[in-house]
Amino acid sequence: MKTVTLTVNGKKTKHELDPKEPLLYVLREEFKLSGAKYGCGLHQCGACVVLVDNQAEPTCMNACESFEGKNIETIEHLSQNNKLHAVQKAFFEAQAAQCGYCLNGMLISAVALLRNNPQPNKSQIKDALQQVICRCGTHPRFIKAVENAISQK
Amino acid sequence: MKDTTTNNQNRRSFLKASGQLIIGFNLFPFLQFCANPENQTTLSAYPGIEERPHTEKAIIDSWIRLDAEGFVTVLTGKQELGQGIRTALMQIAAEELEVPFDICHIINGDTAQTANEGYTAGSNSVEGSGSAIRQAAAEAKYFLIQEAAKLWQVNIDQVEVNNGEIHGPENKKISYWKLLDGKFLEGKITGEAPIKNPSNHVIVGKSIPRADISKMIKGEPHFIHDLRLEGMLHARVVHPPSYNAKLEALDESEISQLPGVVRIIVDGSFVAIVAKREYQAIKAREKIIEIAKWESTNIKPAMGDLFSDMKNKASKPKEIEASPTINQTIKQAKNQLKSTYRKPYTMHGSTGPGCAVAQWDNQKLTVWSPTQGVYPLQNTLADLFSIEKESIRCIGMPGSGCYGHNSADDVSAEAAMIAKHLPNQPVRLQWMRDNEHRWEPYGSAMQLTLEAGMDQNGKITSWKTEIWSDTHSTRPNGNAGHYVSARHLAEPFEFKKGGFSGGSYRNASPLYDIADKALLLNDYEGPLRTSALRGLGAYGNIFALESFIDELASSASMDPFEFRIRNLKNNRAVEVLNTLKSKTDWDNLSDETKSKCGIAFAQYKNSAAYFAVMVTLENEGEKLKIKKMIGVIEAGQCINPDGLINQTEGGMIQSASWTILESVQYNEKEIISTDWNSYPIFRANDIPEIEVHIINRPEEKPLGAGEAAQGPVAAAIVNAVSNHLGKRIYELPLREYFS
């Protein structure tokens, strides 16, 4: 057990836990956040990604202590004052979901892309979503939603 | 009609007497399911409704409840699987009741509340549950109009409904809720209530957005995976390394000392671990895998011998469609053709591994489950634990998309098996990725030999299909042996595969107008666990059938559209093909473009939605890529056009992924497709342009559409690749040709 200090959604908090516990489980159990999901535990599917210093990073393997000093943002933090983030809004308008299990990964990957490249082309959008597994085949809507989010900005 | 003031007491005592837990039900009852995620203040919050048991299907109250003032609660025995059924069913209810869509809420399968509608499968929900809800809503409105007429002492035709308010002469008006005054809609569904004319529909046929998406985009709790109960423990299972492996030795003392471990459960070869934190359960599972010793037997036959084994093991095939003349009519035809097609084992491959929560209290069991059928689950758990089914409550919750019988039932049973060791504590079990990839029941490998005769005008005169396939349904419907882990117990339940279902020959009989047809089936007991995967046998059968149609067209030197249309008598089928032809501008495409295109068509199950598709390829280096897919779907009356398009697009992409990339791999020891690297599926860079067009027939009954694309897309891709290469392809997947 060790004290691990994490900055999640703008708040810095201390936690007594196994420092090797991957961030995903800490977010779900300590922070009661359920947006980031377990999908594979292998960094292959993107279900668990969160924004780490504005990059979409998987959380299912890397120890929580390795995130100390970094700015962690989860999907729950994207909408502010009941106002949806442009990407959330675009996803809703495109009805870009079927079962929705991958939505966290798709949304977070899209937000990270737009923060780092506000005008991506289609191939850059696809590259950004490539890390996320969607079994329902909703990809065309995710791609369209990201394109719409760009044009609405 | 009964008065609630007297009955609430009874209902409360029922709940008490049944001893069932209320926790978890109406998990998020105060959340606003408003369609517009930003506009959540226009309505007061839906308070939820008090639980009441389902009594019988024939009363209105079983489907439609007006308990909450100003709100409609719809009940269905069907589950939301990501197909948008919640929205579609609420649209149907709102339309018939003539209330605004926004005031409707829905409760999905829950053995303590909803009707038993079996499994949510076979693209039956709108056809089945939808028509029950439509009739119940019409009866409710009819009853309320009659009540108002009585109250005002006027004729029923002087009364009309607008937005849940009944209007009569002299500006009289009263709301549904005021009129009911706390009573329930316990009248019988008589079938006498008039159903709205589709030409007056204002909600059905509209692309109403799915309310659940507004929750999911914000990461709000939605899935079974997100359910957190007070004092909940975390469990993991360690499945054997292969199907028949037996546990030889496991030093439990080494495990029970690990941090957070609450209990290790070893019952025969069923091994599970329970810990306080999820990560502690995962670590303990890793340790068990490291130290457990198993005795394994080899998996036979080897992968390379699978298709020859199918033929070697076959004896006399079943005659599904018998024709004593078939061999002769084929032989006598002007042209004859015979081909054999093969598809491998394929995976459901759910993005989120199976998860369930279970709790035992005083011999009563509650299971929160992503199952496709809460009642079949209840029945089978009763068999597993040898208790009355009334002691078990199964509450359906959204899981990760399942696309058929995946891990959902197994994980639910295992959660209950584990929780039995820890009474009064909720236990959450989630499968790990390798549990899911290795232990889900796959879509069966299939082999199909097709033979046909054709006259000089390109008219098919005779057609023979012979299928070799393992079963396409081993759903647990009362027999605990269908749960894999029940087979691993010290006192194991026997798995009786029991009657191979009709799934193997689903869609095998051509819809084309053919005078002489025969259909033969060889049931094969293959090496891998199999069950229902989206479309069942229809995927393999249509892949073969529509590939063969292209071969016949080519042998008759005919255009693939023209050949199909010439051999069809079904007008709706012809219109779907003609629409595809015009949407793709087929007549104006150059021969070079056409050489990169493939088309295919099917009516799912020969009774549900009609679907036709064209696939266009492009070159990427020396390999191929799908450039575009254009689909046309006709599902009778369309409830929600965007929902239909969404699901069809998804089916097309999933099928393209199966067809091009997927095949479950195993060696003599174990299944080696254990994750997304060893079993790759389509990702964003594989996704082509996609277009779906709907032919809406509001005057027809709605037809199941969720599985319509699976088979035709496979055949269209194969036809496109075959056209492009100038040689026919007979075996899936097509990985070697694609980038």
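Start by selecting B:P680: is this residue buried, exposed or partly exposed? It counts as partly exposed, because 16 C-beta neighbours lie inside 10 Å, while a buried residue would need 20 or more and an exposed one 12 or fewer. Keep in mind that this is a predicted model. B:P680 sits in the loop of chain B between α17 (641-661) and β24 (689-695).

Next stop, a sheet in chain B. Color its seven strands in the order β9-β10-β7-β17-β14-β15-β16 and you have an open sheet with mixed pairing. At its edges are β9 (261-267) and β16 (392-396) of chain B, each of which pairs on one side only. Going from one strand to the next, the twist averages 20°.

Zoom in on the β16 end. Strand β15 (residues 364-369) of chain B pairs with β16(B) in the parallel sense, over five bridges. Pick B:T366 here and look across: B:R393 in β16(B) stands opposite.

Now bring in the helices. Select residues 374-385 of chain B for α10, which lies across β15 and β16 of chain B and runs at about 145° to β16(B). Then select residues 408-419 for helix α11 of chain B, which packs on the sheet. Helix α11 touches β7 (233-238), β9, β10 (270-275), β14 (355-361), β15 and β17 (427-430) of chain B, and its direction makes about 35° with that of β14(B).

Methods: Residues are numbered from 1 along each chain as its sequence is written. Chains are lettered from A and ligands numbered from 1 in the order in which they are written. This is a predicted model: local features need pLDDT of at least 70, side-chain atom pairs count only at pLDDT 80 or more; totals for chains, interfaces and linings use all residues. Helices (H or I, at least four residues) and strands (E, at least two) are DSSP runs, numbered from the N terminus. Two strands pair if DSSP finds at least two bridges between them. Axes are lines fitted to C-alpha atoms, for helices over the stretch in contact, and angles run from 0 to 180 degrees between N-to-C directions. Two residues are in contact if their C-beta atoms, placed from the backbone, lie within 7 Å.
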